[in-house]
Amino acid sequence: MALTADEREQFLAEPHIAALAVVSGQDRGPLTVPMWYQYTPGGEAWILTGVDSRKTALLEAAGRFTLMVDRVTPTIRYVSAEGPVTRIVPGTTEHLQEMAGRYVPEDKRAAYVEVALAEHGEQVAIFMRPERWVSSDLGSL
């Protein structure tokens, strides 16, 4: 059973690990990788990645991508959101802190941000406006 618009947006706003998918060229399947992401209902979804990464080059070339998130307990539920890249901006410490706030326990956040700033290199934040949604809540199996 498909989720309502509110249910799918609330589910996407939860801190799941997304599968990011982007076209990767003729005669190749899409590049699909696990990603941390940020989303606020009604807004844009965004990711942080290396400025020189393969993901960045493919996202710039394709101009759109898909994020798919799921869970299997207590029910099997998933949401997929696909849409155009709306902007690519230099990644900031604020972006990194916001993303870490979703995924890293509070007592470990400052240390994570410090290591990420030192080791991950220059980052970009890539934003996407969801246009197409696929969702389901299959209930418990």
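By class, how many nonpolar, polar and charged residues does the lining of the largest pocket have? The structure is a predicted model, in which local features need pLDDT of at least 70, side-chain atom pairs count only at pLDDT 80 or more, and totals for chains, interfaces and linings use all residues. Residues are numbered from 1 along each chain as its sequence is written, and side-chain values use heavy atoms, with hydrogens and water left out.

The aromatic residues come first. Rings of Phe, Tyr and Trp (its six-membered ring) pair if their centres lie within 6.5 Å; planes under 30 degrees apart count as stacked, over 60 as edge-to-face and the rest as tilted. This rule gives four aromatic pairs. The ring centres of Trp36 and Tyr112 lie 5.5 Å apart with planes at 45 degrees, so this pair is tilted. Trp36, Tyr103 and Tyr112 make up one aromatic cluster.

Accessibility is classed as buried under 20% relative accessible area, exposed over 50% and partly exposed in between (1.4 Å probe, protein chains only). Trp36 is partly exposed because its relative accessible area is 28%, and Tyr112, at 24%, is likewise partly exposed.

Charges also sit over rings, a term that requires NZ of Lys or CZ of Arg within 6 Å of the ring centre and within 35 degrees of the ring normal. Arg87 lies over the face of Phe127, 3.7 Å from the ring centre, while the charged end of Arg102 is over the ring of Tyr37 at 4.7 Å from its centre.

To return to the opening question, the lining of the largest pocket has six nonpolar, two polar and no charged residues. Here Ala, Val, Leu, Ile, Met, Phe, Trp, Tyr, Cys and Pro count as nonpolar, Asp, Glu, Lys and Arg as charged, and the others, Gly among them, as polar.
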